[in-house]
Amino acid sequence: MCAIEAGKRGRRVAVLEHADRLGKKILISGGGRCNFTNLHCQPENFLSANPHFAKSALARYTPADFIALVEKHRIPYHEKTLGQLFCDGSAREIVTMLEEECRVAKVDIILNAKVRELRRTSEFVLTTEAQAFHAPALVVATGGISITKIGASSFGYDLARQFGLNIREPRPALVPLLFGSQDRSRYSDLSGVSAEVIASCDGEQFREKMLFTHRGLSGPAILQISSYWQKPRAIIIDLAPDHEVAAVFSDPSIPRNPSSLRAELRKILPARLADRWLELHEPTSWTNPALADFERQLHAWEIQPAGTEGFEKAEVTAGGVDTDELSAKTMESREVPGLYFIGEVLDVTGHLGGFNFQWAWASGAAAGRAL
Ligand SMILES: Cc1cc2nc3c(=O)[nH]c(=O)nc-3n(C[C@H](O)[C@H](O)[C@H](O)COP(=O)(O)OP(=O)(O)OC[C@H]3O[C@@H](n4cnc5c(N)ncnc54)[C@H](O)[C@@H]3O)c2cc1C
């Protein structure tokens, strides 16, 4: 996106990509259909040590701008849920669109370009195994460190450090969480069961699906809240949002016993989860206070995750190049003129749902218009 915007303004641009093709993360994104933006994109959908940093770029390149590009290329798309836009066909169409825009903007794309060394004299001098590049400006768009097997690297952070820029500790985000040993023995055989829940942590909450895995919890609600979780915080899960299960017992004709409660729970939760929950949390008695206690636990299941599935399973990397080091308007380093950082390598992390791509497009456009 940055190369396209700069190329359109007549700049000579070379994109150096160390993989053998462009946009591998786009290709695997959104289950192969690329959730390329979100209609409801707001600065509140991003985590950063400076929550104001992303505002300017997001306001100047909006979801409507990217949708216009997608429509110009006649790529069919649909809204899946919650403003999330996906290709009807394949994520490949988005990569092809960007390649085509690069071609029109006369951008040189150099694949298999492994950068060996970067020096700064009166300009930037980048050396790959095959050649040297001299440029007055350098844009680092190397992404986060999630999923190294498709080309992710810590190169962007190393480069930032080389120039004395601060890095906010990178950590896996949008990532499944692992049970502690006790919860694992209690729940791991529920693997595959899912339910709509509200997951909360650190003052944030998400109402979406949660999925049991054989090692812990996943699904959109958990991925979202994982970005806010850090050891030793707890995650609180409301397993029955908007429901009051024990309310059924205000009817005196309903017997107060496990089978009535099981029947009520099964109306809200998948049967396997309902049964397991009751097995582990059966009311201590059938009095109103004991039932109120059962109800409270159902809406506030406290999980102390042992950790996350790590960078190999994380959809994004939170943390990264400290935004205090950069201009929010242009993404240029304050201390090193001509050096820019865009996209996921920065300490700006989107929620699940197309926000990370929108940040990549918007920050890329901001730099591309300033080069
Ligand atoms: C499985 C998965 C699914 C996802 N799905 C979605 C989704 O549907 N919607 C969404 O909004 N976000 C999604 N994301 C997140 C999104 O893909 C990223 O946030 C986004 O791609 C970041 O863009 P970027 O340009 O900053 O970095 P990247 O897309 O990671 O691009 C960085 C590029 O730099 C190259 N590179 C790295 N190091 C070097 C080096 N040393 N030399 C040369 N080149 C280098 C890499 O090969 C790569 O091509 C998903 C992520 C994953 C892992």
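Me: Which residue in S15 is the bridge partner of leucine 178?
Reply: The model is predicted, local features need pLDDT of at least 70, side-chain atom pairs count only at pLDDT 80 or more, and totals for chains, interfaces and linings use all residues. Residues are numbered from 1 along each chain as its sequence is written, and side-chain values use heavy atoms, with hydrogens and water left out. Strands are DSSP runs of E with at least two residues, and helices are runs of H or I with at least four, numbered from the N terminus. Strand S12 (residues 177-178) and strand S15 (residues 216-218) run antiparallel and are joined by two bridges; the partner of leucine 178 in S15 is glycine 216.

Me: In what order do the seven strands form the open sheet?
Reply: Two strands pair if DSSP finds at least two bridges between them. The pairing in this sheet is antiparallel. Strands S17 (301-303) and S18 (307-308) are the edges, each pairing on one side only. The order is S17-S16-S13-S14-S15-S12-S18.

Me: Is H9 parallel, antiparallel, perpendicular or oblique to H10?
Reply: Helix H9 (residues 258-268) and helix H10 (residues 271-281) have axes 9 Å apart, at an angle of about 140°. Axes are lines fitted to C-alpha atoms, for helices over the stretch in contact, and angles run from 0 to 180 degrees between N-to-C directions. Under 35 degrees counts as roughly parallel, over 145 as roughly antiparallel, 65 to 115 as roughly perpendicular and the rest as oblique. H9 is therefore, relative to H10, oblique.
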